[in-house]
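Please look through the model below before reading the points.

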Amino acid sequence: MKIISVVGARPNFMKIAPIVEHIKKKRSFQHILVHTGQHYDRKMSKSFFDDLGIPKPDIDLGVGSSTHANQTAQVMVKFEEILFAHQPDLVLVVGDVNSTMACSIVASKLNIPVAHVEAGLRSFDRTMPEEINRLITDSISNILFTTCRDADRNLKKEGVPAKKIFFVGNVMIDTLIKNKKKTASSTVLKTMGLKKQEYVLVTLHRPSNVDNVQSLNNLMDIFANLQKRTKIIFPVHPRTRKQLIEFGCLEKAKALPNLTFTDPLGYLDFLKLMLNCKMVLTDSGGIQEETSFLKIPCLTLRENTERPITTTLGTNYLVGMKKNKIIKIANQILDGKYKKGKAIPYWDGKAAQRIVNVLLQYAKKG
Ligand code: UD1
């Protein structure tokens, strides 16, 4: 069976790594890895291939950044040429970025079956670009791999037949388990002059949080308050950096001695910072999952989450953007009062293996 797997943006890379590793072990598969080029800076892309040992993509579409329609359209046009040329039996997509949706539409229109890894997650907030990507990708996928039972339920409610849904667990956790020990080689704590448990880690990049001045000012107020008590380390996503500059927040940040902005970090350096921090403040989906697995308290600065299991079983608090609420809960956590979390079913390092077993069965059926 010839499989084309697709990656495009940063959170895709840690999801594809264990899948490619397991696919390559099986002689039944011929595999082609396509990178759409949605993310292209070394720090947003190549460094993850290096850290995670992902083979160099066989094909790079080099699409880059643009408006949603433009980026999606460019991926579609270029990916269609690849499908014409290579005629795969299956296209495998991961996550919920624009590249995920674009490539699943193209394959589906050419009647090539689509497998979607991380299907069924729903924030029920259609103002999020990722929610649209998730809904469309799932509605046209033939094999839907889920990370949790609530995703299965969402899909069934939308009319997806049970026989298409495979609860396999979380590939991002496969990658985390595999790479945790390797963080010993990261010198990030030393380089940044940090000691274990003396800092809070922040990541924010959602348009709803960083694309308007009120929200950025609100965040700066939260940092101003918390940095009186703890160091704050904030690796800044390129979108966020642009907005911080545009809205004059970098200047304000300079007045806060305990707040440090850094460039985006590689996988191992970031994981090392996460493993040793007191708490994480984020709006990322993946980090809600990773902190829950690691039992590190996490405040999610969003009104909703497509990963509710991280708040029920995990260590995640959905706190919205209300300044006082965030500061109050953050202080409770800094005082040591927080939920300790429980193990989440099938987040056990074996999700990619399960995915490949399903694909082997699929290949046998022809
Ligand atoms: C994308 C995904 C989002 C994911 C995030 C992780 C969509 C709709 N969004 O958001 O789900 O959580 O990636 O990072 O697919 N830029 C660079 N260098 C890069 C890439 C981007 O400087 O390598 C800058 C560009 O100015 C670009 C902006 O960041 O305009 C945003 O990039 P884009 O890929 O459009 O969306 P993200 O915010 O990264």
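A salt bridge is a side-chain nitrogen of Lys or Arg within 4 Å of a carboxyl oxygen of Asp or Glu.

1. Basis. This is a predicted model, in which local features need pLDDT of at least 70 and side-chain atom pairs count only at pLDDT 80 or more, while totals for chains, interfaces and linings use all residues. Residues are numbered from 1 along each chain as its sequence is written, and side-chain values use heavy atoms, with hydrogens and water left out.

2. Domains. The protein chain is divided into domain 1 (2-169 + 347-363) and domain 2 (180-335), with bounds from an automatic or database domain assignment. Taken over C-alpha atoms, the centres of domain 1 and domain 2 are 27 Å apart. To their contact (heavy atoms within 4.5 Å), domain 1 brings 22 residues and domain 2 brings 19 residues.

3. Buried area. The size of an interface is often given as the accessible area lost when the parts come together. Here buried area is the accessible area (1.4 Å probe) that two parts lose on being put together, summed over both. Domain 1 and domain 2 bury about 1,800 Å² between them, with 59% of it on carbon and sulfur atoms. On the side of domain 1, the residues that lose the most area to domain 2 are Lys 43, Asp 51 and Trp 347, together 32% of what that side buries.

4. Charged pairs. How many salt bridges does the rule find across the interface of domain 1 and domain 2? The rule finds four. Glu 306 and Arg 134 form a salt bridge, and their closest N and O atoms are 3.6 Å apart.

5. Helices at the interface. Helices (H or I, at least four residues) and strands (E, at least two) are DSSP runs, numbered from the N terminus. Helix H1 (10-25), helix H2 (46-52) and helix H5 (129-140) each give two or more residues to the side of domain 1 that touches domain 2. H2 gives the most to that side, with four residues.

6. Sheet. Seven strands form an open sheet with parallel pairing, in the order S3-S2-S1-S4-S5-S6-S7; two strands pair if DSSP finds at least two bridges between them. Strand S3 (59-60) and strand S7 (165-167) are the edge strands, each pairing on one side only.
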